[in-house]
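Q: Please take a close look at the salt bridges in this model, and then at the helices and loops around them. Plain wording will do.

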Amino acid sequence: MDFVIGGLAGAGATIFTNPMDVVKTRLQLQGELRARSEHTMRYRGIFHGLYVISKNDGAMALQKGLAPAMVLGFCMNSVRLGIYHIAEVQGWTKTKEGDISIHKTIFWSSASGVVSGLAANPASVVKTRMQAAAHPSIAVGRQHVYNGMLDGVVKIYKMEGTRGFFAGVNATCTRLAIGSAAQLTTFSTAKELLLSYGICERSPIGLAFSASCLSGFILALAICPLDVVAVRLYNQGPAAKGEQLYRGVFDCLRKTYKTEGLHGLYKGLGPLYLRIAPHTTLSLVIWDMLNILFSNKTR
């Protein structure tokens, strides 16, 4: 049940945050391995991106990749939040005195993030490629045409084999290890801090909301460069379709920084935060509420 609760929380939050994920993906692929002066800016920011996508591909294009995104949200959060909740319940994240242990919390949140990354990577690849597919006038990055999630799965397997589903898995696991540690550690610590000052003592929803807002801010800053790398590795496809742009995580980081500078590693930071903040808030609030509801029923 711990895993199901975490999965439902992630999948539910995805419905509301997917449009920002679509914009983020386009911004991160825009001007790939080119200096800012050497490419056309098809998307000039968050709101311009929302407008351009709606105008050229229709409003429903803002929900591109929703099916694999929900599978991703369920798989990732069922594993990540499930493992972490078990660690919390068993007291593995606390000191002998019963207080939150920062280093234990970081360890369990990072470990749960890595395992969730392995479980959810195939859905991440399909989602990213579907989100990147666009009308030729606004297309950025390599284009993959899939008629839905299942068609994408079949085509990736036929062209790239099982390996294709694990493109960028190193970047994903590293990103999730860092991101999970930042998210879940700050979430647990912030809740304890707020309660110590008597804030939101009688409002579980208010407590979870306040703690998750802080968590989302720290998370976006921590993972943006690795998120850019992961998106580009997901989208590059097999070498048979053209030049293999990147040989791995560090090669992608090096080439991106060399050609696009620090700006390139923080492309899409705005929509990343606007996706992460509500997604973090929604998923952690839903997670907290479902855990409270389930624990009350089992008493």
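A: E260 forms a salt bridge with K267, and their closest N and O atoms are 2.7 Å apart. A salt bridge here is a side-chain nitrogen of Lys or Arg within 4 Å of a carboxyl oxygen of Asp or Glu. E260 is buried, with a relative accessible area of 7%, and K267 counts as buried at 7% relative accessibility. Buried means under 20% relative accessible area, exposed means over 50%, and partly exposed lies in between, with a 1.4 Å probe and protein chains only. Salt bridges that share partners also join D21, K24, K127, R175, D227 and R275 into one network.

The model is predicted: local features need pLDDT of at least 70, side-chain atom pairs count only at pLDDT 80 or more, and totals for chains, interfaces and linings use all residues. Residues are numbered from 1 along each chain as its sequence is written, and side-chain values use heavy atoms, with hydrogens and water left out.

E260 has a further salt bridge, with R232, where the closest N and O atoms are 2.7 Å apart. R232 lies in helix α7 and E260 in helix α8 (residues 249-265), so this pair ties together parts that are 28 residues apart in sequence. Helices (H or I, at least four residues) and strands (E, at least two) are DSSP runs, numbered from the N terminus. Both R232 and E260 are buried.

In general, side chains of opposite charge can pair when their charged atoms come close. Over the whole structure, a search finds 13 salt bridges. One of them is between K155 and D151, with the closest N and O atoms 3.2 Å apart. K155 and D151 both lie in helix α5, four residues apart, which is about one turn of the helix. K155 is partly exposed, with a relative accessible area of 30%, and D151 is partly exposed as well, at 21%.

Helix α5 (residues 149-160) packs against helix α4 (residues 102-132) at an angle of about 110 degrees, with the axes 10 Å apart. Axes are lines fitted to C-alpha atoms, for helices over the stretch in contact, and angles run from 0 to 180 degrees between N-to-C directions. The two helices α4 and α5 are therefore roughly perpendicular to each other. Angles of 65 to 115 degrees count as roughly perpendicular, under 35 as roughly parallel, over 145 as roughly antiparallel and the rest as oblique.

On the α4 side, V125, V126, R129 and M130 meet M149, V153, I156 and E160 of α5, where contact means heavy atoms within 4.5 Å. The residues of this contact divide into six nonpolar, no polar and two charged. Ala, Val, Leu, Ile, Met, Phe, Trp, Tyr, Cys and Pro count as nonpolar, Asp, Glu, Lys and Arg as charged, and the others, Gly among them, as polar.

Two loop residues remain. L33 lies in the loop between α1 (2-29) and α2 (46-57), and has a positive phi of about 55 degrees although it is not a glycine. L33 is partly exposed, with a relative accessible area of 24%. C200 lies in the loop between α6 and α7 (204-235). The phi of C200 is near 60 degrees, a positive value in a residue other than glycine, and C200 is partly exposed, at 22% relative accessible area.
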